[in-house]
Amino acid sequence: MLKKIAQLLGVVLALAVPATPALAQQGGSLGDTFSGEEIINNGQEFFGSAAQGLASVVENAVSQYGQPNGYILGEEAGGALFIGAKYGEGTLYTRNAGQFSIYWQGPSIGLDVGGDGSKVMMLVYNLTSIQDILGRYPGVDGSAYVIGGVGMTVTKRADVVVVPIRSGVGARLGINVGYLNFTAQPTWNPF
């Protein structure tokens with residue numbers, strides 16, 4: 001069983017290789033970007049007292065991937081007992097196309113036990129239209145906290161790169177592979 005999980009982790013890691021900074025800077029009709037300072041200010045307002053450490057995480061993401069041309073502010077909840085699920089909802093903000101409600105859900109499998117709730121900011125790169133965000137983004141996620149923390153992961157589908165930054169509470173320990181499926185309507189089906 002562990003060997004199969006390790007193989008699955010390898011496949012997902014190969015699919016989730018982050019984009020290079022040059023790729024992340026490419027733009028289309030939604031090409032106007034947000035500065036790191038704007039993202040940090042909006043994130044600190046959104047996260048409130050849980051914003052400790054947010055600036056360094058955002059600065060790390062911007063230094064690796066450049067300035068995003070969209071971002072999502074939302075909330076999510078999830079849990080796992082080796083097999084898990086995650087559900088979230090939020091608002092996608094863009095400079096040129098406005099704001100849109102967005103939902104995400106996804107299954108996971110791995111050495112992961114516990115439950116958590118998080119406020120989430122997702123930096124979005126390479127959107128040429130709002131429809132580009134919709135779909136499944138494979139990734140690897142790990143967590144090790146009992147009370148709370150701020151963490152960053154990276155997922156990629158085609159040219160679109162999504163960098164979720166979470167500040168959560170709960171009791172969760174482990175690593176898992178899975179995907180986030182972004183949709184325009186809410187659903188209870190994690191697949």
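Strands here are DSSP runs of E at least two residues long, and helices are runs of H or I at least four residues long, both numbered from the N terminus. This is a predicted model, where local features need pLDDT of at least 70 and side-chain atom pairs count only at pLDDT 80 or more, while totals for chains, interfaces and linings use all residues. Residues are numbered from 1 along each chain as its sequence is written, and side-chain values use heavy atoms, with hydrogens and water left out.

View 1. Strand β6 gives the largest share of the lining of the largest cavity, 7 residues. A cavity is a set of points, on a 1 Å grid over the protein atoms alone, where a 1.4 Å probe fits but cannot get out, and its lining residues have an atom within 4 Å of a point. The structure holds 1 cavity of 30 Å³ or more. Its 19 lining residues include K86, D141, N176, Y179 and L180, which lie nearest the centre. Two or more lining residues come from each of β1, β2, β3 (135-145) and β6 (160-183). The largest cavity has a volume of about 190 Å³, the volume being the space filled by probe spheres set on the points, with grid points joined across faces, edges and corners.

**View 2. The second largest pocket.** A pocket is an open set of points with protein on both sides within 12 Å along at least five of seven lines. This one has a volume of about 150 Å³. Look for Y87, G88, E89, Y103, W104, Q105, P186, T187 and W188 around it. Strands β1 (70-94) and β2 (99-125) each give two or more of the lining residues.

**View 3. Helix α3 meets helix α4.** The axes of α3 (residues 36-47) and α4 (residues 54-65) come within 10 Å and cross at roughly 145°. Axes are lines fitted to C-alpha atoms, for helices over the stretch in contact, and angles run from 0 to 180 degrees between N-to-C directions. On the α3 side, the contact (heavy atoms within 4.5 Å) uses G36, I39, I40, G43, Q44 and F47, and on the α4 side L54, A55, V58, E59 and V62.

**View 4. Q99, buried or exposed?** Q99 sits in strand β2. Q99 counts as exposed because its relative accessibility is 56%; the cut-offs are under 20% for buried, over 50% for exposed and partly exposed in between, with a 1.4 Å probe and protein chains only. Leaving aside neighbours within four places in sequence, Q99 touches T91, L92 and Y93.
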